[in-house]
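Hello,

I am handing over the structure below.

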Amino acid sequence: MELVIAIAIGVLASSGIWLLLRPRTFQVIIGLSLLSYAVNLFIFAMGRLRAGAPPVLGPSGTGDLATYADPLPQALVLTAIVISFAMTALFLVVLLASRGLTGNDHVDGREVDP
Amino acid sequence: MNWLEHLTVAPILIPLVAGGFMLLLDGRNRTVAAAINVVATLSLLVVAIMLVALEGGQNAGGHVYLLGNWPAPFGIVLVADRLSVLMLLVTAILGSATLLFALARWDKAGAFFHPLFQFLLMGLNGAFLTGDIFNLFVFFEVLLAASYGLALHGSGPARVKAGLHYIAINLVAALLFLIGASLIYGTAGTLNMAALATRIAGLPPDERLLFEIGVAVLGVAFLVKSAMWPIGFWLPNTYAAAAPPIAAMFSILTKVGIYAVLRLGFLVSSSEDDVSLLFGGNWLMVGGIATILFGMIGIMASQEMAKLAGFSVLVSSGTLLAAIGYGGAAVTGGALFYLVSSTFAIAAFFLLIELVERGRAPADDVLAVTLEAYGLDDPDEADDSGEVGIAIPAIMAILGSAFIACAVLLSGLPPLSGFVAKFAILSALVEPTRGPTESWGAWAVFATILMSGLATLIAMTRAGIRTFWASIDRDLPHVRVVELAPVAILLILCIMLTVQAGWAMRYMRMTAEGLARPGAYIGAVFAAPPAQTEPFKAAPVATTADGGPP
């Protein structure tokens, strides 16, 4: 499982960085989204991977730490998801404004002559 | 309960409530929003002054406020120590001055100036107060989200283009911040800054390596904010494109990165033998020197004054990073003094540029440079020689003296506070307190800081001659008192820093020494007792003495 997660994070991050460095604004925003997915998975993995372990105690009360997942990274991921979602939406608006003002979708607002 | 206890959280709550309330108002109702904004910003100033009076004294650990009343390290803590309250005060002063300036006309350039301004203040204050890394991330995002909106305030192609770059690079920096924070949590098991400092020594070597990688990635995220070379190219364009009062307010944004580096850098290196050295100090010093050099070249090359101001932000950042990276309480104390002085000076300069450039065609600067370059200097100059009797108009004289004050402050010439700050850094650098291996670094920083002063002086003189002695026809700028007042306030504060330099320097030195010995900070965080609350009673008739619910 660790290998699968690690490869997934790697693929997402590398595709994200590739797209981030492209000259079209839409590619940049997709790249940012992919990167944020990679980072969210990474935060999650930092709480140690464990299948089938609940992060909260059941109604029975006491529990053994060995059978529970760390809840804190999950809370952090939730916050990070919300923030990166909002920022992506904001970036999208700026992207559209830039498209409307300059008439093209280059990140510098003007096409580079070949 | 003593209300002074809750003063620590007020710098976050006041702008949050004010900004949230303004969102409910109709976006076109600017008078009420402006009034709320002024009241909130001024009350922040009062709170900041009270906090400095309360916490700036002998208590090195500062006041710890437990959010949600959970004891550290389980809950999030706010810590108001000397450095935090100093930054709060600088933010509040800068906020009041720029708001006053913006009220004259700039707040009408777009919708939602006032709420965004309050949210920016909230993010800044929260980032300065918090003692938790993830909470720091959240406040960074709050201030950045507000700054995206403010950078685009007034719209237009130049702002949207610069804003696009600014948002993209800061989103990547935010992702780096998250990677760093989660690596730190994955290895040390806590995000509380004080708890981190106590756990470093117990980490096994392989985890220690991962932890330091985490701190370094986090550091890169901070350094993007403080615009260190080579990750600071976004800054001059963004600041030059932003509306002038907003650019002036942004001059504190780079200092947030510096603050975070200072705060965390000293805490995570506290287990080392030499406690006065920062984590990754040598890298910071090299990066700082490179930033100063890049900023210097930019200052010399810029044709517009707004770009010139943007590059002086880079020079100021670089000077701070180089001085902080060299380390030592004396140098850091000087750097803190420089931080305050340069923030005020750059903000005043940004505001001044807008006043001076009013009434001149946008291409005038470029035209003047072209004329100089091709030797086509003023073909009709000879005709003007007879007009000796014409006095300099009063407004240009006032603006000109303010410009001279800015030039003196930014280049670090005597007699103003820029000189005191640079002298404090430089004289501490040459003190032979370290071994010979460090002395090359000291001399490199010394030489670069001096050279940057010279470059700033040359560029400012050239810009001043071109603007104030230009023979290109121009209308006199129409300037209102309310617009001139903020510039005057910021410059007078710099003069007061010069007059009261001894007192201010002592405060900075004490702050730097407190940072270098984080024991008091850590002790205060862990010793903070949760407030005693009465156990919940089911009987509804029982109320507490002050009449509130139990």
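**What I found**

Residues 24 or more positions apart account for 80% of the contacts in chain B with a separation of 6 or more. Keep in mind that this is a predicted model.

Start with the make-up of chain B. It has 22 helices and two strands. Of its 550 residues, 59% are buried. The chain exposes about 21,600 Å². Carbon and sulfur atoms supply 69% of that area.

**The strands**

Strand E1 of chain B covers residues 63–66. B:His63 and B:Tyr65 point one way from E1(B). B:Val64 and B:Leu66 point the other way. All four of these residues are buried. E1(B) runs antiparallel to strand E2 of chain B, residues 77–80, and four bridges join them. In E2(B), B:Ala80 is the bridge partner of B:His63.

**The cores**

The largest nonpolar core holds 209 residues. Which residues touch the most other members of it? They are B:Ile133 and B:Phe349. Helix H14 of chain B (residues 329–357) gives the most to this core, with 20 residues. Now look around B:Ile133. Leaving aside residues up to four places away in sequence, B:Ile133 touches B:Phe177, B:Ala181, B:Ile184, B:Leu191, B:Met193, B:Leu196, B:Leu218 and B:Leu264. There is also a second, separate core of six residues. Among them are B:Ala18, B:Met22, B:Ile36 and B:Ala40.

**The salt bridges**

Side chains of opposite charge can pair when their charged atoms come close. How many salt bridges are there over all chains? The count comes to three.

One is in chain A. A:Asp105 forms a salt bridge with A:Arg24, and their closest N and O atoms are 2.9 Å apart. A:Asp105 lies in the segment after helix H3 (71–102) of chain A, and A:Arg24 lies in the loop between helix H1 (2–20) and helix H2 (25–46) of chain A, so the pair ties together parts that are 81 residues apart in sequence. A:Asp105 is partly exposed, with a relative accessible area of 29%. A:Arg24 is partly exposed too, with 26%.

Next, turn to chain B. B:Arg263 forms a salt bridge with B:Asp81, with the closest N and O atoms 2.7 Å apart. B:Arg263 lies in helix H11 (residues 253–268) of chain B and B:Asp81 in the loop between E2 and helix H3 (82–104) of chain B, so this pair ties together parts that are 182 residues apart in sequence. Are these two residues buried or exposed? Both B:Arg263 and B:Asp81 are buried.

B:Arg208 also forms a salt bridge, with B:Glu212. Here the closest N and O atoms are 3.0 Å apart. Both residues lie in helix H8 (residues 205–225) of chain B. B:Arg208 and B:Glu212 are four residues apart, about one turn of the helix. B:Glu212 has 27% relative accessibility, so it counts as partly exposed.

**A surface patch**

Last, the surface. B:Ile492, B:Ile495, B:Met496 and B:Val499 form a nonpolar patch there. Together they have about 390 Å² of accessible area. B:Val499 is in helix H20 (residues 481–499) of chain B. Why does B:Val499 count as exposed? Exposed means over 50% relative accessible area, and B:Val499 is at 62%.

Best wishes

Definitions and conventions. Residues are numbered from 1 along each chain as its sequence is written. Chains are lettered from A and ligands numbered from 1 in the order in which they are written. This is a predicted model: local features need pLDDT of at least 70, side-chain atom pairs count only at pLDDT 80 or more; totals for chains, interfaces and linings use all residues. Side-chain values use heavy atoms; hydrogens and water are left out. Patches are made of residues with over 30% relative accessible area and no salt bridge: like charges are joined within 9 Å, nonpolar side chains (Val, Leu, Ile, Met, Phe, Trp, Tyr) within 5 Å. Accessible areas come from the Shrake-Rupley method with a 1.4 Å probe; for residues, only the protein chains shown count as cover. A salt bridge is a side-chain nitrogen of Lys or Arg within 4 Å of a carboxyl oxygen of Asp or Glu. Buried means under 20% relative accessible area, exposed over 50%, partly exposed in between (1.4 Å probe, protein chains only). Two strands pair if DSSP finds at least two bridges between them. A nonpolar core is a set of buried Ala, Val, Leu, Ile, Met, Phe, Trp, Tyr and Cys residues joined through side-chain atoms within 4.5 Å. Contact means heavy atoms within 4.5 Å.
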